[in-house]
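Visitor: Please show me the model, and then let us go through it by question and answer.

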Amino acid sequence: RYDTLRMKITIQGQRGSFHHIVAEDFNTDIELVCCDTFSEVFATLKDSTADQAVVVIENSLYGGIADV
């Protein structure tokens, strides 16, 4: 059934990270897809592993989105 499907949200980082907190601000009933890099985040969208992504413009540890 449609109402039991959980949206898959991909993030750069792990559970408890800023990206995770922001993703749950939009919807608490999500399936989180955690990635190590921004490139991996966009790859999950391209191959339909995830429905949507939460990314920041700049990350002091992993660089900026413009680098991807």
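Predicted model: local features only at pLDDT ≥ 70, side-chain atom pairs only at ≥ 80, totals over all residues.

Visitor: In what order do the elements of the protein run from the N terminus on?

Guide: Helices (H or I, at least four residues) and strands (E, at least two) are taken as DSSP runs, numbered from the N terminus. The protein has two helices and five strands, and from the N terminus on their order is β-α-β-α-β-β-β.

Visitor: Is T44 buried or exposed, and which residue's side chain does its own side chain join in a polar contact?

Guide: T44 lies in helix α2, and it counts as buried because its relative accessibility is 10%, buried being under 20% relative accessible area, exposed over 50% and partly exposed in between (1.4 Å probe, protein chains only). With contact meaning heavy atoms within 4.5 Å, and residues up to four places away in sequence not counted, T44 touches T10, V33, C35, T49 and A50. A polar contact is a pair of N or O atoms within 3.5 Å; within protein, one must be able to donate a hydrogen and the other to accept it, and residues adjacent in sequence count only if both atoms are side-chain atoms. Such a contact, of 3.1 Å, joins the side chain of T44 to that of T10.

Visitor: Where is T37 found, and which residue's backbone nitrogen lies 3.1 Å from a polar atom of its side chain?

Guide: T37 is found in the loop between β2 (30-35) and α2 (38-46), and with a relative accessible area of 33% it is partly exposed. T37 and Q12 are 25 residues apart in sequence, yet their C-alpha atoms are 5.7 Å apart in space. The backbone nitrogen lying 3.1 Å from a polar atom of the T37 side chain belongs to E40.

Visitor: Why does V55 count as partly exposed?

Guide: V55 lies in the loop between β3 (52-54) and β4 (58-59). V55 counts as partly exposed because its relative accessibility is 33%.

Terms used: Residues numbered from 1 in each chain as written. Heavy atoms only, no water.
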